[in-house]
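Biologist: I would like to learn how to read a model like this one. Please show me, feature by feature.

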There are 2 protein chains.
Amino acid sequence: MRFSDGVEWSVHSCLVLAALPEGVGLPGAKLAEFHSLPAAYLAKHMQALVRAGVVESIPGRHGGYRLARPASEITVADVVTAIEGNRSAFRCTEIRRQGPGAGQPCEYQTACLVSRVMGGAEQAWRSELSKWTLADLAFDPASAAYLRQDAWLSDVLEARG
Amino acid sequence: MRFSDGVEWSVHSCLVLAALPEGVGLPGAKLAEFHSLPAAYLAKHMQALVRAGVVESIPGRHGGYRLARPASEITVADVVTAIEGNRSAFRCTEIRRQGPGAGQPCEYQTACLVSRVMGGAEQAWRSELSKWTLADLAFDPASAAYLRQDAWLSDVLEARG
């Protein structure tokens with residue numbers, strides 16, 4: 001079981017967007033360039049982020065992608081859910097109801113403990129990711145290539161006047 | 001991102017094995033029959049459980065699969081790891097080092113916070129699954145078809161004398 005590369009790409013790309021000045025967007029090609037990512041593939045993930053309301057795409061000369069709300073109001077869980085969906089990793093197919101040990105339907109009014117344990121663990125995972133906002137991550141020197149991007153970003157923004 | 005059906009099958013099948021009398025194994029075909037599972041496909045997962053030291057396969061007239069240690073010493077995490085492996089769902093490919101924001105190698109001695117947050121969440125998930133042993137689950141009336149299996153199991157065991 002493994003996430004798509006889109007999770008890493010999306011979190012880091014959202015951190016770049018968190019560094020944009022007010023009212024300005026960054027075109028997808030430039031966003032891809034910042035981490036040397038394949039633009040077409042990144043665009044697919046950005047669309048998922050737009051659909052999830054994490055990112056918005058604004059038109060015009062200063063347009064492009066930007067965060068749809070403040071970085072302090074977007075959690076890592078929001079980004080991961082936008083890319084990977086929110087269905088659970090564990091799928092209960094109710095095999096407890098099959099075979100020689102099967103009972104009557106009325107015996108299954110309580111969810112299977114196996115399913116509840118799995119669900120509880122996924123909830124713990126999601127809850128941990130919900131504790132961190134993009135703002136918490138944006139100023140970590142070990143991860144923040146975007147902390148060094150001032151010159152690059154200024155050049156990009158100035159080039160379009 | 002979704003687990004294989006093998007996770008559900010394996011946990012429930014291990015719970016059936018937890019109900020076996022001392023020194024007795026259950027043949028794979030009978031184990032599959034108990035939850036009406038495809039025997040060949042279940043066998044693949046049982047082999048993974050054997051390799052992980054969760055289940056053992058004993059030879060002889062009373063042979064078959066049985067738990068390799070007491071149910072109280074096998075956690076749900078042990079079973080899930082046997083089936084899904086223990087590599088993390090999040091893969092860090094270090095894109096922070098790529099592109100115009102990239103720094104010198106010495107700037108990356110600390111792991112990226114993005115990667116640490118993802119790892120922490122997976123740790124929370126695994127830790128939750130580690131809290132539950134097969135013995136905890138084996139006597140839950142909502143999940144335990146195996147609590148009603150006495151007659152079936154007795155018949156199976158008696159049939160081989």
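**Helix packing**

Modeller: In chain A, the axes of helix 1 (residues 6-17) and helix 3 (residues 39-51) come within 10 Å and cross at roughly 70°. Helix 1 of chain A is therefore roughly perpendicular to helix 3 of chain A. This is a predicted model, in which local features need pLDDT of at least 70 and side-chain atom pairs count only at pLDDT 80 or more, while totals for chains, interfaces and linings use all residues. Residues are numbered from 1 along each chain as its sequence is written, chains are lettered from A and ligands numbered from 1 in the order in which they are written, and side-chain values use heavy atoms, with hydrogens and water left out.

Biologist: How are two packed helices described, and what do the words mean?

Modeller: Two packed helices are described by the angle between their axes and the distance between the axes. Axes are lines fitted to C-alpha atoms, for helices over the stretch in contact, and angles run from 0 to 180 degrees between N-to-C directions. Angles under 35 degrees count as roughly parallel, over 145 as roughly antiparallel, 65 to 115 as roughly perpendicular and the rest as oblique. Helices (H or I, at least four residues) and strands (E, at least two) are DSSP runs numbered from the N terminus.

Biologist: Which residues in helix 1 of chain A meet helix 3 of chain A?

Modeller: From helix 1 of chain A they are Gly6(A), Trp9(A), Ser10(A), Ser13(A), Cys14(A) and Leu17(A), and they meet Tyr41(A), Leu42(A), His45(A), Met46(A) and Leu49(A) of helix 3 of chain A. Contact means heavy atoms within 4.5 Å. An α-helix has 3.6 residues a turn, so residues three or four places apart point the same way.

Biologist: Is Ser10(B) buried or exposed?

Modeller: Ser10(B) has 0% relative accessibility, so it counts as buried. Buried means under 20% relative accessible area, exposed over 50%, and partly exposed in between (1.4 Å probe, protein chains only). Ser10(B) sits in helix 1 (residues 6-17) of chain B. Apart from neighbours within four places in sequence, Ser10(B) is in contact with His45(B), Leu49(B), Val79(B) and Ile83(B).

Biologist: How many residues of helix 4 of chain A are buried?

Modeller: In helix 4 (residues 76-84) of chain A, seven of the nine residues are buried. Among them are Val76(A), Val79(A), Ile83(A) and Glu84(A). The buried residues of helix 4 of chain A pack against helix 1, helix 3, helix 5 (113-130) and helix 6 (134-138) of chain A, together with helix 5 (113-130) of chain B.

Biologist: What about phi?

Modeller: Most residues other than glycine have a negative phi, and most peptide bonds are trans. Ser36(A) has a positive phi, near 50°, and is found in the loop between helix 2 (28-34) and helix 3 of chain A. Glu94(A) has a positive phi near 60° and lies in the loop between helix 4 and helix 5 of chain A. Gly85(A), which follows helix 4 of chain A, has a positive phi near 80°.

Biologist: How is chain B related to chain A?

Modeller: Two copies of a chain are related by a rotation about an axis and a shift along it.
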